[in-house]
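Please read the points below with the model open beside you. They take the helices, the charged pairs, the aromatic rings and the surface in turn.

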Amino acid sequence: MQGLLVDSSDQRLLRDSIAQIASKYGAEYFLERSRAGAKLDELWADLGSAGMLGVHLPVEYGGGGAGLTELSIVVEELAAHGIPLLLTVISPAICGSILAAHGSPELKAEWLPGLADGIRKMAFALTEPDSGSNSHAVRTFARADGPGWIVSGGKCFISAANEADALLVVARAIDVPDERRNPLSLFVVPADAKGVTLQPLPTAVVSPDRQFTVFLDEVALPPEALIGLPGKGLPQVFAGLNPERILASAISCGIGRYAVAKAVDYAKERRVWSVPIGAHQGISHPLAECHIEVEMARLATRAAAQQFDSGHDAAAAANMAKFAAAEASLRALDQAIQVHGGNGLTPEYGLAEMWFTARLMRTAPVSREMVLNYIGEHTLGLPSSYRMPQRPPADHADPLPEPQIR
């Protein structure tokens, strides 16, 4: 289907390679596994062995040496084949990008090759019940313990924590003086470390990547678990958040393409009054609008990825792409369901269950309201609509909620 993006010859080859792998499995595989709560181990292994998961990571650590532009092609093409794989955004994109940019040579050597070939996985543990979009309000704390560290607290909505070999945990550095803001530190926490407890967090999203509440109860870590310097973790967080937003945009663009393609095929075949329903402008015009919006979102996503790869500040572009793609995919999927009529609500056509993932992207990894806050303040120069919090009290004995079995 003709669009606005023009890939280079290498990018076309990459897209064709991903399409070939995705076609081997397809949307039915994704939905069946998701409904059953099963993992996509075969697909993940194929992606890893083909070099797709680490296409953006450094060559010296097993990656492809390309950039986020290429990884966004991988993520989008999977979603365009009905496989919106959230784990691709989390493990190689967020965690891999943070480690590649800020990890010690030892951490890079230990983790990046495994993330690149899919043998190892890492989850990103930032969100908390009382902090949400406000990373400065994180209450999970880290204190020095001899040469090492002790981490305690709780995280929620941590995707694929049950599949991860380690958690990349964002914690408050209580030993670092800072009167203005909450100093953050990042740690690589083994998923099987003593004191780590996972509790399933049920949602309506049909995905193999489940959500979890993570409890960290006096987890002892060696000094090498720290990424960078203590209390200097905020730039490290954003080294992962901009890629996260760009790759979330790529998932949305892929869902939008998937929805429009399904609707167009159905509108060409379905006949009610002697002609295909796609001949009626009430069907064709909304689909044409959806196609245009999805293609414009793809352009925004490509521009954001290229800015990031060029070393520019991609924050505004990443936020705008995320906003545009989430809105475009949700509208496209809703219109595709409408074109299918009652069939659009059945599992057979693979649309209704995809809606939850498309709707998720309007809220996560950053809500549309926080995107608009950012653009209003940092791009348009309008007054801030919220105040940054002062540093929490030094008392680190925050109550840790007890794990509950549901």
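1. **Ground rules.** Helices (H or I, at least four residues) and strands (E, at least two) are DSSP runs, numbered from the N terminus. This is a predicted model, in which local features need pLDDT of at least 70, side-chain atom pairs count only at pLDDT 80 or more, and totals for chains, interfaces and linings use all residues. Residues are numbered from 1 along each chain as its sequence is written, and side-chain values use heavy atoms, with hydrogens and water left out.

2. Start with helix H7, residues 281-309, which holds Leu-299. Leu-299 is partly exposed, at a relative accessible area of 36%. The classes are buried under 20% relative accessible area, exposed over 50%, and partly exposed in between (1.4 Å probe, protein chains only). Together with Leu-4, Ile-292 and Met-296, Leu-299 makes a nonpolar surface patch of about 370 Å². Patch residues have over 30% relative accessible area and no salt bridge; like charges are joined within 9 Å, and nonpolar side chains (Val, Leu, Ile, Met, Phe, Trp, Tyr) within 5 Å. The areas come from the Shrake-Rupley method with a 1.4 Å probe, and for residues only the protein chains shown count as cover.

3. **Another residue of H7.** Thr-301 is also found in helix H7. Is Thr-301 buried or exposed? Thr-301 counts as buried, because its relative accessibility is 4%.

4. **Helix H3.** The expected span is 1.5 Å times one less than the number of residues. How many residues of H3 are buried? The count is 13 of 13, so H3 is mostly covered. Just after H3, Gly-82 has a positive phi of about 85°.

5. **Helix H6.** H6 has 36 residues and spans 53 Å between its end C-alpha atoms, close to the expected 52 Å. H6 is mostly covered, with 26 of its 36 residues buried.

6. The whole structure holds 19 salt bridges. Each is a side-chain nitrogen of Lys or Arg within 4 Å of a carboxyl oxygen of Asp or Glu. Glu-77 and Arg-15 form one, at 2.8 Å from N to O. Glu-77 is in H3 and Arg-15 in helix H1 (residues 9-36), so this pair ties together parts 62 residues apart in sequence. Both Glu-77 and Arg-15 are buried. Glu-353 bridges to Arg-35, with the closest N and O atoms 2.6 Å apart. Since Glu-353 is in the loop between H8 and H9 and Arg-35 is in H1, that pair ties together parts 318 residues apart in sequence. Glu-353 counts as buried at 18% relative accessibility, whereas Arg-35 is partly exposed at 40%.

7. Asp-41 and Lys-121 meet in a salt bridge at 4.0 Å, N to O. Asp-41 is in helix H2 (residues 41-49), and Lys-121 is in the loop between helix H5 (105-117) and strand E1 (122-125), 80 residues apart. Asp-41 is partly exposed at 44% relative accessibility; Lys-121 is buried at 9%. A network of salt bridges links Asp-7, Arg-15, Glu-76, Glu-77, Arg-257, Glu-295, Arg-298 and Arg-302.

8. **Aromatic pairs.** The structure holds four. Rings of Phe, Tyr and Trp (its six-membered ring) pair if their centres lie within 6.5 Å; planes under 30 degrees apart count as stacked, over 60 as edge-to-face and the rest as tilted. Tyr-266 and Tyr-349 are edge-to-face, with centres 5.9 Å apart and planes at 90°. They link distant parts of the chain, 83 residues apart: Tyr-266 in H6 (residues 234-269), Tyr-349 in the loop between H8 (315-340) and H9 (354-363). Tyr-266 is buried, at 11% relative accessibility. Trp-355 and Phe-356 also pair edge-to-face, because their planes stand at 85°, with centres 5.7 Å apart. Trp-355 is partly exposed at 29%, and so is Phe-356 at 33%.

9. **A charge over a ring.** Arg-120 lies over the face of Trp-111, 3.7 Å from the ring centre. The cut-offs are NZ of Lys or CZ of Arg within 6 Å of the ring centre and within 35 degrees of the ring normal.
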